[in-house]
Amino acid sequence: MSANVIKPIKEGKVREIYDNGDSLIMVATDRISCFDVILKNNVTKKGTVLTQMSKFWFDMTEDIIPNHMISVDVKDMPEFFQQPKFDGNSMMCKKLNMLPIECIVRGYITGSGWASYQKDGTVCGIALPDGLKESDKLPEPIYTPSTKAEIGDHDENISFEQSIDHLEKYFPGKGKDYAEKLRDYTIALYKKCADYALSRGIIIADTKFEFGLDENGNVVLGDEMLTPDSSRFWPADGYEAGHGQPSFDKQFARDWLKANEHDWELPEDITNKTIEKYLQAYELLTGKSLEK
C-alpha cells in the first residue's frame, strides 16, 4: 500500500521542509542557486552531499553547541520518506524558533569582502590591516552578520551592534545576549572546523551558520553546516594569496554564469564538474565516498 503523499510546508532555494509533528524533515534537493536565483538545472547527488556533510560536521561539533539533527536514516521517518528520492538527502530535525540572522564568518579575504577592502580597507565596517592581498588569510577570523532575506531578495550586511538591535526587535531584552552568543558560537565553530579541514587539505575561506532556540530557550545550531553551498572551500595544495583560488564549491558554477552573462542554465559539463567538486570535497573531509 502506498504511503500518503505529504506536501512540504516550506520550500527554499534548495531545501524542502516537511512537518512531522514534533519534528521537521528537511530534504536537500538537487537544485542549485547562484546569485539568489534558482537555476534551471539539477545537480545529481548534490542534495545527498549537503545532507551527509552537514551530518558529519554536526557530529563533530556537538561539544561546542547542540544541533537540530535527530536522524538521517529514512527508516526513522514516516513511510512516505522511505522512497529512493529521499534516501541520503533527508534529515529529521528538532523544531526551532530560528533567529533572524545569518552568521557569516570570514577567515580569508575574498569575494565581496575583497571588493569592499579595496575600496576603503574595511569588510562590513570592520577595519583590516593595510597591505592585504586577495585571498590572504586574516589575522583572526571576523564575524560579519547579515539579515535573512526572503527568496528573490538579497541579504543585508549589518554590524555586530546592528545585529543586537535587530534581535532586540524580535526578542525584547535578549538582543545583546543572543547576539553575543551567535558571534561566539560562530567563531568557535569556524576555528575548530577550519583547523580540521586544513589537516585534510581544504581551506575554509568563509562560511555561514544559522541558529535557533529550542523549547527551553537554548541556542541550537540549525539549517545546514559547512557545505559547499554555504561555504567557500579551497584546495590547500597550491594555495597562494594574490589572486582568486580554485574551489570545491559552487563558485565554479558562479564563475561560468558571470562569464556567460547570467544565462541561468548551466551546460551539462558544468553541472558534471560542479558535482565532481562537491563529491571530492566530501571525500577529502570525511574520508568516505558517496559514489555508488
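Trainee: Are Trp114 and Tyr117 buried or exposed?

Mentor: This is a predicted model, and in it both Trp114 and Tyr117 are buried. A residue counts as buried when its relative accessible area is under 20%.

Trainee: Where do Trp114 and Tyr117 lie?

Mentor: Helix α2, residues 111-120, holds both of them. They are 3 residues apart, about one turn of the helix.

Trainee: Why is the pair of Trp114 and Tyr117 called stacked?

Mentor: Two numbers decide it: the distance between ring centres and the angle between ring planes. Planes under 30 degrees apart count as stacked. The planes of Trp114 and Tyr117 are at 25° and the ring centres are 5.9 Å apart, so this pair is stacked.

Trainee: How many aromatic pairs are there?

Mentor: The count comes to 17 aromatic pairs. One of them joins Phe56 and Trp57 and is edge-to-face. Here the centre-to-centre distance is 5.2 Å, with 70° between the planes. Trp57 has 0% relative accessibility, so it counts as buried.

Trainee: Which residues form an aromatic cluster?

Mentor: Tyr18, Phe80, Phe81 and Phe86 form one.

Trainee: Which ring has the charged end of Arg183 over it?

Mentor: That ring belongs to Phe160. The charged end of Arg183 sits 4.5 Å from the ring centre.

Trainee: Back to Tyr117. How far apart are Ala127 and Tyr117 in sequence and in space?

Mentor: They are 10 residues apart in sequence, and their C-alpha atoms are 8.5 Å apart in space. Ala127 lies in strand β11, residues 126-127.

Trainee: Why does Ala127 count as exposed?

Mentor: The cut-off for exposed is over 50% relative accessible area. Ala127 has 63%, so it is exposed, whereas Tyr117 is buried.

Trainee: Next, cysteines. How many disulfides does a search of the whole structure find?

Mentor: It finds 0 disulfides. Cys103, for one, is in no disulfide. The test is a sulfur pair within 2.5 Å, and the nearest cysteine sulfur to Cys103, that of Cys124, is 13 Å away.

Trainee: Is Cys103 buried or exposed?

Mentor: Cys103 is buried, because its relative accessible area is 0%. Cys34 also counts as buried, at 0% relative accessibility.

Trainee: Now for empty space inside the protein. What shows where it is left?

Mentor: Rolling a probe the size of a water molecule over the atoms shows where empty space is left. In this structure the count comes to 2 cavities of 30 Å³ or more.

Trainee: How much space lies in the largest cavity, and what lines it?

Mentor: About 50 Å³ lies in the largest cavity. Its lining includes Arg15, Met26, Leu50, Asn89 and Asp223. Strand β3 (23-28) and helix α1 (46-60) each supply at least two residues of that lining. By class, the lining residues divide into 5 nonpolar, 3 polar and 3 charged.

Trainee: What is the volume of the second largest cavity, and which elements each supply at least two residues of its lining?

Mentor: The second largest cavity has a volume of about 30 Å³. The elements are β9 (101-108) and β12 (137-143). Among the residues that line this cavity are Arg106, Tyr108, Val123, Leu138 and Ile142.

Trainee: How do the residues of that lining divide?

Mentor: For the second largest cavity the division is 6 nonpolar, 2 polar and 1 charged.

Definitions and conventions:
Residues numbered from 1 in each chain as written. Predicted model: local features only at pLDDT ≥ 70, side-chain atom pairs only at ≥ 80, totals over all residues. Heavy atoms only, no water. Buried < 20%, exposed > 50% of the residue type's maximum accessible area, 1.4 Å probe, protein only. 1 Å grid on protein atoms, 1.4 Å probe; cavity = no way out; pocket = protein on both sides within 12 Å on 5 of 7 lines; lining within 4 Å. Points joined across faces, edges and corners; volume = space filled by probe spheres on them. Helix = DSSP H or I, 4+ residues; strand = E, 2+ residues; numbered from the N terminus. Nonpolar A, V, L, I, M, F, W, Y, C, P; charged D, E, K, R; others polar. Phe/Tyr/Trp six-rings, centres within 6.5 Å; stacked < 30°, edge-to-face > 60°. Lys NZ or Arg CZ within 6 Å of the ring centre and 35° of its normal.
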